[in-house]
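This report looks at one strand with its pairing partners, and at one residue elsewhere in the chain. The sequence and structure come next.

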Amino acid sequence: MKEIDPKETTRAYAFEMWMDAPMPMLTFFKTLDVTRLARTARRRGLKFNMLMCWCVGRAASGIKKFYTLPVGRKLMRYDRLAVCAIVANRKGEVSSCDIPFSDDLRRFNADYLRLTRRVAEECRDHDLPESMVIGTSALAGYGIDGAVGMYSGVFNNPFLIWGRYRRRLWKRTLTVSFQFHHTQMDGAHAARFLENLQKEISGLKG
């Protein structure tokens, strides 16, 4: 991770326009076809949420804008990505768990299981400050139509929220919300990311 001069990047105008905006976040909604993901999870004995997080990482890894992030008043560039999962801990509360993204599904799955288990037991967040973290929150027990994340002014990281997927005959659909800082990316980049996410899900091998 290193600080970069916004004026020497393609985000110079966005940095000037949006860093002082009272609400610099945008939220997109998209309904995904997760039929193949649900089938792959069942056939291979994998967690649905883990596969979603891996597909999120895969979809983001091919978009350069995900490797920069406004932090405070600085624009930072990162060498690697992580995906954060919200974990129910043994005290009945929630903790956050950053999982380093790996293109290798077996490695990502092993890290996901190990780290989320430790966070749930120890009730302590696991942070990877040297990675550009994509936040996720899965409300798998509830059927929601979408959610708009809260902008705290502290964390500018992109964030996805989803609930329980819907069943209709053989098809499974899932509505996700994607919140992002306008300094980090424009709407076209966000829309491309969501299209990539659908492609990654549809390309899973069951």
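Does alanine 85 count as buried or exposed? At 1% relative accessibility, alanine 85 counts as buried; buried means under 20% relative accessible area, exposed over 50%, and partly exposed in between, with a 1.4 Å probe and protein chains only.

## Basis of the model

The model is predicted: local features need pLDDT of at least 70, side-chain atom pairs count only at pLDDT 80 or more, and totals for chains, interfaces and linings use all residues. Residues are numbered from 1 along each chain as its sequence is written, and side-chain values use heavy atoms, with hydrogens and water left out.

## Alanine 85

Alanine 85 is part of strand S5, residues 81-88. Helices (H or I, at least four residues) and strands (E, at least two) are DSSP runs numbered from the N terminus.

Leaving aside residues up to four places away in sequence, alanine 85 touches Asn49, Ser95, Ser96, Cys97, Ile99, Tyr112 and Thr136. Contact here means heavy atoms within 4.5 Å. Between the C-alpha atoms of alanine 85 and histidine 181, 96 residues apart along the chain, the separation is 19 Å.

Two strands pair if DSSP finds at least two bridges between them.

S10 pairs in the antiparallel sense with S2 (residues 25-33) over 9 bridges, and threonine 27 stands opposite glutamine 179 of S10. Strand S8 (residues 159-162) also pairs with S10 in the antiparallel sense, over 4 bridges; leucine 160 has phenylalanine 178 as its bridge partner in S10.

## The S9–S10 hairpin

Strand S9 (residues 166-168) pairs with S10 in the antiparallel sense over 3 bridges, with arginine 167 opposite arginine 172 in S10. S9 and S10 form a hairpin with 2 residues between them. In the turn, leucine 169 has a positive phi of about 55 degrees.
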